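Subject: Structure handover

Hello,

Here is the structure for you to look over. My notes follow below it.

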Amino acid sequence: MARTKPARIRYALFDFDGVIADTEPLYVELDRRVLRHFGYEPTDTELESFIGLSSEVESRKLLAANGIEVSHDEYRAVWDSDAQIYGDPGLKPNPGLADLWLALRSAGAKIAVVSSSPTSGLVRALNRFGLLSCVDAIVGAEMVSKRKPDPEPYLRALEYLALGDAGAARGAVAFDDSGAGVASAVAAGVWTVCYRGAAAAQAAADESLEDFVTFSW
């Protein structure tokens, strides 16, 4: 789908993990503890490969590939991202993000959070940051049938924000940091900004960004 940089941002779509807040170190350590609990010692490379994807899904795949079968319920009984990540008192929004959101809202833009993480954790963290009132829509892991890199998460967010506007993608900008997230936004036809992502993700995006403090449109 062809993409054109919007003259004005009408719909701003933000990934959470790594973009709104730097949860990724917390995820790596939570995943490590849980995998160890089930008898598997993961490598750093294996854990880093989960970035941008659902840790809950990828961890169980990794366990199964190594002969350890764990049910969804068994895994969720140990893996509690709500408390151990999104409820972590040390978790803060990335520098400049809050001011950017206020500026976007003042300019009439609508904001959505589009994540592969559970919605309850996203709401918990955004509320604790004092930013929940800035958000018009949230698309969490359980709200789609296909996760990133499929375009469904970003398309679903546009459905919620644009209320039937078939050309909504032309006024939208997505901020994501992972290869899967960038691929999802690009496939949805959205102009995509890679925030502090790896080289491959930056190459696939329309532009890259290192700092929300200096971001301008």
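In strand β2, the bridge partner of Y11 is K110. Helices (H or I, at least four residues) and strands (E, at least two) are DSSP runs, numbered from the N terminus. Two strands pair if DSSP finds at least two bridges between them.

Before the rest, the ground rules. This is a predicted model, where local features need pLDDT of at least 70, side-chain atom pairs count only at pLDDT 80 or more, and totals for chains, interfaces and linings use all residues. Residues are numbered from 1 along each chain as its sequence is written, and side-chain values use heavy atoms, with hydrogens and water left out.

**The sheet**

Y11 belongs to β1 (residues 11–14), which runs parallel to β2 (residues 110–114) and is joined to β2 by 4 bridges. Y11 also stands opposite A172 in β4. Between β1 and β4 there are again 4 bridges, and these strands run parallel.

Two more pairings are worth a look. β2 and β3 are parallel and share 3 bridges; V113 has I138 in β3 as its bridge partner. β4 and β5 are parallel too, joined by 4 bridges. There, A174 has T192 in β5 as its bridge partner.

**Burial in the strands**

Buried means under 20% relative accessible area, exposed over 50%, and partly exposed in between (1.4 Å probe, protein chains only). In β4, 5 of the 5 residues are buried, so this strand is largely enclosed by the rest of the structure. Both faces of β4 are covered. A172, A174 and D176 are buried on one side, V173 and F175 on the other. In a regular strand the side chains alternate between the two faces of the sheet. β2 is mostly covered, with 4 of its 5 residues buried.

**Helices on the sheet**

Contact means heavy atoms within 4.5 Å.

**Helix α7**

T119 lies in α7 (residues 119–129). T119 is buried, at a relative accessible area of 14%. Setting aside neighbours within four places in sequence, T119 contacts I138, G140, A141, E142 and M143.

Which residues of α7 are buried? They are T119, G121, L122, A125, L126 and F129. Their arc around the axis is only 160°, which puts them on the same side of α7. The arc is that of the directions from the helix axis to the C-beta atoms. An α-helix has 3.6 residues a turn, so residues three or four places apart point the same way. The cover over the buried residues of α7 includes α5 (81–86), α6, β2 and β3. Just after α7, G130 takes a positive phi of about 75°.

**Helix α3**

In α3 (residues 55–65), the buried residues are S55, E56, E58, S59, L62 and L63. They pack against α1 (24–37), α2 (44–48) and α4 (72–78).

**Whole protein**

The protein has 10 helices and 6 strands. The radius of gyration is 17 Å, close to the 17 Å that the globule rule gives for 217 residues, so the protein is as compact as a globular protein of that length. That radius is taken over C-alpha atoms, and the rule is 2.2 Å times the number of residues to the power 0.38. Along the principal axes, the C-alpha atoms fill a box of roughly 50 × 35 × 30 Å.

Of the 217 residues, 51% are buried. Among contacts with a separation of 6 or more, 65% are between residues 24 or more positions apart. The protein exposes about 9700 Å², with 52% of it supplied by carbon and sulfur atoms. Accessible areas come from the Shrake-Rupley method with a 1.4 Å probe; for residues, only the protein chains shown count as cover.

Best wishes
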